[in-house]
Amino acid sequence: LKDPADPSKAAQELQVDSVVDGTYQRVGGVVRVSVQLIDQQSRSARWAEHYDLRADDMLKFQDQVAKKVVDGLQVEVSGKEQQTLEAPLTNSPQAYNLYLQARFFRNDYFMHTQTESLHKGQQLAQEAIAKDPNFAEAYALLSTLYFMEAANISEKAAANLALAEKAARRAVELKPSSPDALMALGGTLTEQGRNLEALKALRQAAALAPNSETAWDLLGYLYHYTGLLDLAE
């Protein structure tokens, strides 16, 4: 962007109370990251800090910022959610970087519905897994990208659902209490019409991550297609 975004305006457009704003500057092998949490109503920073980081510090930095966002918002998180914040997704910065890029293309599909976005996301998730074969969330994301393609594009839908289930079950095997893994499995089983199995996975995901809009969205979607309209609503 030519002009820096106005954090308070972004919060207003997104209809949220707060927004995290940040900049970074790379100098040699060091990246200086400045982060602030902006309150939409007062247009002031609830907190602001800067970090000088090397490549190996990136994952630790993410954990620090996540905790500061929770503290700054003064939201109440469950014990399981607190454990999730504290547990590193992967010890490989390279795998994590590829995972973030894959998430970008998942979000890009939501905005532009281009099949190529799903394919790019799938490729990047696979590359993340190659860097860290025990990266449960990367398997979960790969599964999600496959079942999204199957749900929206009829070509190769059965094959994509099979790939989605395989990746989701691997994610659950690696991290049974991962909400992302359970949501991927539940979403895949929903698309396969295996509603009772899907219900078990998605209810568990919602219990583990009660503040996840995705868990409730998938659960409502499943309730709708099983005819449980009151629960869906």
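Leaving out residues up to four places away in sequence, Gly-187 touches Phe-147, Leu-202 and Leu-218, where contact means heavy atoms within 4.5 Å. The model is predicted, so local features need pLDDT of at least 70 and side-chain atom pairs count only at pLDDT 80 or more, while totals for chains, interfaces and linings use all residues. Residues are numbered from 1 along each chain as its sequence is written, and side-chain values use heavy atoms, with hydrogens and water left out.

**The chain as a whole**

- The chain has 11 helices and three strands; helices (H or I, at least four residues) and strands (E, at least two) are DSSP runs, numbered from the N terminus.
- Along the sequence, these elements follow the pattern α-β-β-β-α-α-α-α-α-α-α-α-α-α.
- Of the chain's 233 residues, 40% count as buried; buried means under 20% relative accessible area, exposed over 50%, and partly exposed in between, with a 1.4 Å probe and protein chains only.
- Among contacts between residues at least 6 apart in sequence, 48% join residues at least 24 apart.

- Gly-187 is found in helix α8 and is buried, with a relative accessible area of 3%.
- The C-alpha atoms of Gly-187 and Leu-202 are separated by 7.9 Å, and the two residues are 15 residues apart along the chain.
- Leu-218 lies in helix α10, residues 213-225, and is buried, with a relative accessible area of 16%.
- Between the C-alpha atoms of Leu-218 and Gly-187 the separation is 6.5 Å, although the residues are 31 apart along the chain.
- With its neighbours within four places in sequence set aside, Leu-218 is in contact with Met-183, Gly-187 and Leu-202.

**Helices α8 and α9**

- α8 and helix α9 (residues 195-208) pack at an angle of about 155°, with their axes 8 Å apart. Axes are lines fitted to C-alpha atoms, for helices over the stretch in contact, and angles run from 0 to 180 degrees between N-to-C directions.
- The two helices α8 and α9 are therefore roughly antiparallel to each other; angles under 35 degrees count as roughly parallel, over 145 as roughly antiparallel, 65 to 115 as roughly perpendicular and the rest as oblique.
- α8 passes α9 in a left-handed crossing. A crossing is left-handed if the near helix is turned anticlockwise from the far one by less than a right angle, and right-handed if clockwise.
- On the α8 side, the residues that meet α9 include Leu-182, Met-183, Gly-186 and Gly-187; their partners in α9 include Ala-198, Ala-201, Leu-202 and Ala-205.
- By class, the contact of α8 with α9 has 10 nonpolar, five polar and one charged residues. Ala, Val, Leu, Ile, Met, Phe, Trp, Tyr, Cys and Pro count as nonpolar, Asp, Glu, Lys and Arg as charged, and the others, Gly among them, as polar.

- α6 has 17 residues and reaches 25 Å from its first C-alpha to its last, close to the 24 Å expected at 1.5 Å a residue; the expected span of a helix is 1.5 Å times one less than its number of residues.
- α6 is mostly covered, with 15 of its 17 residues buried.
- Helix α7 (residues 157-174) has 18 residues and reaches 26 Å from its first C-alpha to its last, close to the 26 Å expected.
- Among the buried residues of α7 are Asn-160, Leu-161, Glu-165 and Val-172, and what covers the buried residues of α7 includes α6 (136-152) and α8 (179-191).
- α6 and α7 pack at an angle of about 160°, with their axes 8 Å apart. That makes α6 roughly antiparallel to α7.
- The crossing of α6 and α7 is left-handed. The contact includes Tyr-139, Tyr-146 and Phe-147 of α6 and Leu-161, Leu-163 and Arg-170 of α7.
- The residues of the contact of α6 with α7 divide into 15 nonpolar, two polar and two charged.

**Loop residues with positive phi**

- Most residues other than glycine have a negative phi.
- Thr-113, which is not a glycine, has a positive phi of about 50°. Thr-113 lies in the loop between α4 (93-112) and α5 (115-131) and is exposed, with a relative accessible area of 53%.
- Lys-156 has a positive phi of about 60° and is not a glycine either. Lys-156 is placed in the loop between α6 and α7 and is exposed, with a relative accessible area of 59%.
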